Amino acid sequence: IRMMRAQVGGAPDLVHILEDALGRNTADLTAAVRSIQGARASQAFRGLWTDHNVALIRFAEAVATDNQNAEDASKAKLDRYRRRFGKFAESVTGSKLDARRVARSLETHIKQLLEQTEAYAAGDYATAYRLQRVAYAHMFPAAKQLGGGSTGHQPGEFPVHLGPAAQKLRSALALLLGEHVELLVDTTRAGLRGMPEFDQAAAALNDNTRDLSEAFAALVGERKARAF
């Protein structure tokens with residue numbers, strides 16, 4: 001999301017930094033896949049994941065230059081990616097995951113990323129940050145699905161029992177605390193750079209605080225949650 005917005009906003013210094021961060025994230029994800037599925041599967045994953053990153057960046061570039069043909073080409077590449085990734089997930093999980101269901105989940109993910117970019121480019125920062133929160137949250141059940149469908153495991157890591165209430169709360173807190181950091185970075189950066197999205201970024205951060213308070217209320221009660 002930050003990479004796509006940096007492309008739209010014409011911030012080449014930030015694009016350069018984010019390219020490195022995105023590459024490191026891809027390397028970490030690839031290492032995680034390798035630890036579960038082995039080298040061959042991890043290389044297949046890396047190729048697919050890199051292609052999808054590039055297609056998303058190219059889409060943002062196309063939005064920035066108002067190039068409809070390039071936008072359509074990027075969407076076509078992303079459509080092929082989600083289908084290929086679905087088949088990959090089905091293969092490495094021994095058909096525990098269905099290729100079509102994975103592809104549909106990725107369709108939702110891709111739509112969120114494209115629409116937030118378009119909203120950001122149009123100056124509709126409220127919609128952009130709302131979609132950012134939705135897209136971030138969407139990754140957690142996706143990870144549960146992919147992790148739970150793995151055929152191999154590391155000691156102490158799989159299977160992860162995410163069904164019980166305590167584990168659901170743990171997952172919700174992990175999501176919201178991680179999102180807190182990301183939104184805080186977005187808000188402080190917007191403030192430091194005098195960016196027009198500052199108010200909407202701050203509003204998203206406040207919404208995250210509200211959701212965290214509700215999660216803590218479920219854990220420790222309303223009174224302590226108010227103190228939090």
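This talk covers how helix H3 packs against two other helices, H5 and H1, in a predicted model.

I start with H3 and H5. Helix H3 takes in residues 39-65, and helix H5 takes in residues 99-121. Their axes come within 10 Å and cross at roughly 25°. Angles under 35 degrees count as roughly parallel, so H3 and H5 are roughly parallel to each other. The crossing of H3 past H5 is right-handed.

Which residues of H3 and H5 make the contact? On H3 they are His 52, Leu 56, Phe 59, Ala 60 and Val 63. On H5 they are His 109, Leu 113, Leu 114, Thr 117, Glu 118 and Ala 121. Sorted by class, this contact of H3 with H5 has seven nonpolar residues, three polar and one charged.

Now the other pair, H1 and H3. Helix H1 is residues 2-9. Here the axes are 8 Å apart, and the packing angle is about 25°. H1 and H3 are therefore roughly parallel to each other as well. The handedness of their crossing is right-handed.

From H1, the contact uses Met 3, Met 4, Gln 7 and Val 8. From H3, it uses Leu 56, Ile 57, Phe 59, Ala 60, Glu 61, Val 63 and Ala 64. How many nonpolar, polar and charged residues does the contact of H1 with H3 have? The count is nine nonpolar, one polar and one charged.

One last point, about H3 itself. Leu 56, Phe 59, Ala 60 and Val 63 of H3 are listed in the contact with H5 and also in the contact with H1.

Note on methods: Residues are numbered from 1 along each chain as its sequence is written. This is a predicted model: local features need pLDDT of at least 70, side-chain atom pairs count only at pLDDT 80 or more; totals for chains, interfaces and linings use all residues. Side-chain values use heavy atoms; hydrogens and water are left out. Axes are lines fitted to C-alpha atoms, for helices over the stretch in contact, and angles run from 0 to 180 degrees between N-to-C directions. Helices (H or I, at least four residues) and strands (E, at least two) are DSSP runs, numbered from the N terminus. Angles under 35 degrees count as roughly parallel, over 145 as roughly antiparallel, 65 to 115 as roughly perpendicular and the rest as oblique. A crossing is left-handed if the near helix is turned anticlockwise from the far one by less than a right angle, and right-handed if clockwise. Contact means heavy atoms within 4.5 Å. Ala, Val, Leu, Ile, Met, Phe, Trp, Tyr, Cys and Pro count as nonpolar, Asp, Glu, Lys and Arg as charged, and the others, Gly among them, as polar.
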